[in-house]
Amino acid sequence: MTDEEVGQYWERNAAAWTLLARSGSDIYRDHINTPAFFKTLPAIKGLKGIDIGCGEGYNTRLLAEKGALMTGIDISPAFIEKAAEMDAGINYIQGSALKMPFEKASFDFATGFMSFMDMPDIRQLFREISRVLKPGGMLKFSVSHPCFNPYRRKNIKDAAGNTCAVEIGDYFSKEMIIEEWLFDTASLPASAALQPFAIPRFVRTLSDWVAALLEAGFIITSLEEPCPSEEAIAACPRLKNAANVAFFLHISCTKAAARSLVSP
């Protein structure tokens, strides 16, 4: 599947995704993923940043609130239109992350919030990010945890119907998956009319991610696996599902000042 074909899927998802995300339906983003991401984010005030696969701009706006001079890029024109509606002083660009319309060394840091696993060529993605980052620039991104969300995954439930374990298989499969699902729509009276998202996901191992980063000249500085706190689970019991295995993987990197050659 090409990058353009992936973009067509996201273009069709954009309206419903924006409606649900802005209604508070994305509970794992709001209560686990984004708070953990920002908890370990270094100071970015006054720095030029690029948010890659920015979607409707939720996290891009949070980065701007931290004082960063933000640009957001997304392959979907509809998402860029939705992001620009919020008018947060952010420069939004429609385009492919695999061929970004920016000069070399344009940004001090780059972020990606749960967007990189939907891109068909992560080696090209990281080469392109390296190109637009300044030497020593930071890259921080989150993805579905490759070890716990491989090609086959099944939740195991206890007698009360709560997820108590996860069954996984075909970890080394390289097949692309079209996942169909929807956020929790209980808070939206008109939600019954919404169709499930159709999302291409490219299955990769942990070593695939690491190899692609090293090849592009990045130095990995930290790995994080967010887990919901007891307080968060008490406030939103559905988060307990994310306490059995890690749902997310956060990777922080630095672009090497002088790129070294790494065999693919």
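Begin by selecting Ile 122, Arg 123, Phe 126 and Arg 127 of helix α5, which meet Asp 208, Trp 209, Ala 211, Ala 212, Leu 213 and Glu 215 of helix α6. Contact here means heavy atoms within 4.5 Å. Helices (H or I, at least four residues) and strands (E, at least two) are DSSP runs, numbered from the N terminus. By class, this contact of α5 with α6 has six nonpolar, no polar and four charged residues. Ala, Val, Leu, Ile, Met, Phe, Trp, Tyr, Cys and Pro count as nonpolar, Asp, Glu, Lys and Arg as charged, and the others, Gly among them, as polar.

The model is predicted: local features need pLDDT of at least 70, side-chain atom pairs count only at pLDDT 80 or more, and totals for chains, interfaces and linings use all residues. Residues are numbered from 1 along each chain as its sequence is written, and side-chain values use heavy atoms, with hydrogens and water left out.

Now display α5 (residues 122-132) and α6 (residues 206-215) whole; their axes come within 8 Å and cross at roughly 35°. Axes are lines fitted to C-alpha atoms, for helices over the stretch in contact, and angles run from 0 to 180 degrees between N-to-C directions.

Next, select α1 (residues 3-22) and α4 (residues 77-85), whose axes come within 7 Å and cross at roughly 30°. The two helices are therefore roughly parallel to each other (angles under 35 degrees; over 145 is roughly antiparallel, 65 to 115 roughly perpendicular and the rest oblique). Among the residues in contact are Trp 10 and Trp 17 of α1 and Phe 79 of α4.

Move on to α2 (residues 27-39) and α3 (residues 58-65), whose axes come within 12 Å and cross at roughly 40°. These helices are therefore oblique to each other. Arg 29, Asp 30, Thr 34 and Phe 38 of α2 meet Tyr 58, Asn 59, Leu 62 and Leu 63 of α3.

On a 1 Å grid over the protein atoms alone, a cavity is a set of points where a 1.4 Å probe fits but cannot get out, and a pocket is an open set with protein on both sides within 12 Å along at least five of seven lines; lining residues have an atom within 4 Å of a point. Grid points are joined across faces, edges and corners, and a volume is the space filled by probe spheres set on the points.

There is one cavity of 30 Å³ or more. The largest cavity holds about 70 Å³, and its lining includes Met 117, His 145 and Trp 209. Strands β5 (133-144) and β9 (197-202) each give two or more residues to this lining.

For the last stop, select the lining of the second largest pocket, including Pro 120, Lys 174 and Asp 208. This pocket has a volume of about 190 Å³, and its lining has five nonpolar, no polar and six charged residues.
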